[in-house]
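Here's a quick briefing to read with the model open in your viewer. Have a look at the fold first, then come back for the details.

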Amino acid sequence: MSSAVERIRVVASFAWIEALRTRLPWIVLAMALSLFGAALFARSLAITEAARIQAGLLAAGVRLAAVFVVCMHVLASMLRENQDKVTELLLAADITRGQYLCGKLLGYGAVALATSAVLALPLAAVAPASAWCPWALSLGLESLLVAAAALFCVITFSQLMLAAAFVLSFYVLSRTMAAVVLIAGSALLDDGSWAHRAAVVAVRAVELALPDLDRFTRTAWLLGEGAPWAELPGIAAQSVVYVLLLFSAACFDLYRRNQ
C-alpha cells in the first residue's frame with residue numbers, strides 16, 4: 001500500500017512541477033490582472049450600479065478563464081507526454097495504469113485549485129468575504145470537475161481539438177441545461193404531439209446525466225443574493241460523484257487500450 005501511494009505521489013508531483021516549469025503561474029497571474037483591469041474599465045463606464053457591474057463582469061470572466069486555462073493545460077500536458085512517449089515509459093515501469101491516472105488526477109486537481117484561487121483573488125477586492133469565500137470554493141470544485149473531464153477526454157480521443165471541443169461542449173451544456181429544460185417544458189411549445197413529449201423526455205434524461213453546473217459559482221452570491229454556504233454541500237457532493245465517474249471512465253478506456 002505504501003509503495004502504491006508513493007507512486008501516485010510521484011506522478012502527482014511531476015504534474016505539479018510541469019505546471020510550474022511551463023510558466024502557467026505567470027499566465028494565470030497576468031490573466032487575473034487583465035480581468036481586474038477590464039472590470040475597472042467597465043465600472044468607470046457605468047452610470048449606476050457600478051460596483052455590481054464590476055463584480056458581475058469580473059466573476060464571469062474569472063469563471064471562463066479558469067475553465068479555459070485548466071482544460072487546455074491538462075489536454076496539452078497529456079498530449080505532450082503521449083507524443084514524447086513518456087506515458088509508455090511510465091506504464092512500462094512498476095506502476096499500474098490506475099495508479100498513473102490517479103496521480104495525474106491529483107496533480108492536475110492541485111493545479112486546478114491553485115489556478116482558481118489565483119484568478120479569484122481580484123474578486124476579494126470587490127465582494128464581501130462572506131460571499132467571496134464560498135464563491136471561490138465553488139470555483140475550485142468547478143475547475144476540479146473540468147480537469148477530470150479533460151483527463152477523460154484526452155485519454156479517449158487523443159486529439160487536441162476533438163478533446164477540447166468535447167470538454168467545452170460538456171461544460172457549456174451542463175451550464176445551460178437548466179434553461180434548456182425550462183424552454184423544452186414551456187407551455188408555449190407544447191403542441192400535444194408525441195414528438196414534443198419524446199423531446200422533453202430526452203432533454204430531461206440528458207439533464208440527469210450531466211452535473212448541474214448552473215448551481216456552481218453563481219454571480220448572484222457576490223451580489224448578496226442566495227445562501228452560498230447552504231448550497232456548498234450539494235455542490236461538493238456533485239463534484240465528488242462526477243469526478244469519480246470521469247476517473248472511472250478514463251481508467252476503463254486506458255486499460256482497454258494496448259500500449
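This is a predicted model: local features need pLDDT of at least 70, side-chain atom pairs count only at pLDDT 80 or more; totals for chains, interfaces and linings use all residues.

Two topics are worth a look: how helix H6 runs alongside helix H10, with axes that come within 9 Å, and where some of the 5 salt bridges in the structure sit.

**Helix H6 against helix H10**

- Two packed helices are described by the angle between their axes and the distance between the axes.
- For H6 (residues 129-157) and H10 (residues 228-256), the axes come within 9 Å and cross at roughly 10 degrees.
- Because angles under 35 degrees count as roughly parallel, H6 is roughly parallel to H10.
- As for handedness, H6 goes past H10 in a left-handed crossing.
- If you sort the residues of the H6 contact with H10 by type, you get 21 nonpolar, 4 polar and 1 charged.

- Side chains of opposite charge can pair when their charged atoms come close.
- Arg9 and Glu6 pair up this way, with a side-chain N to O distance of 2.6 Å.
- Both residues belong to helix H1 (residues 2-21), and since they're 3 residues apart there, about one helical turn separates Arg9 from Glu6.
- Arg9 is partly exposed at 46% relative accessibility, and Glu6 is partly exposed too, with 38%.

- Lys104 makes a salt bridge with Glu81, and their closest N and O atoms are 2.4 Å apart.
- This pair links distant parts of the chain: Lys104 is in helix H5 (residues 97-120) and Glu81 is in helix H3 (residues 50-83), 23 residues apart.
- Buried or exposed, which is Lys104? Lys104 counts as buried, because its relative accessibility is 1% and the cut-off for buried is under 20%.

- Glu231 lies in H10, while Arg218 is in the loop between helix H8 (194-209) and helix H9 (219-222), so the pair ties together parts that are 13 residues apart in sequence.
- Glu231 counts as buried at 18% relative accessibility, whereas Arg218 is partly exposed at 33%.

How values were computed. Residues are numbered from 1 along each chain as its sequence is written. Side-chain values use heavy atoms; hydrogens and water are left out. Axes are lines fitted to C-alpha atoms, for helices over the stretch in contact, and angles run from 0 to 180 degrees between N-to-C directions. Helices (H or I, at least four residues) and strands (E, at least two) are DSSP runs, numbered from the N terminus. Angles under 35 degrees count as roughly parallel, over 145 as roughly antiparallel, 65 to 115 as roughly perpendicular and the rest as oblique. A crossing is left-handed if the near helix is turned anticlockwise from the far one by less than a right angle, and right-handed if clockwise. Ala, Val, Leu, Ile, Met, Phe, Trp, Tyr, Cys and Pro count as nonpolar, Asp, Glu, Lys and Arg as charged, and the others, Gly among them, as polar. A salt bridge is a side-chain nitrogen of Lys or Arg within 4 Å of a carboxyl oxygen of Asp or Glu. Buried means under 20% relative accessible area, exposed over 50%, partly exposed in between (1.4 Å probe, protein chains only).
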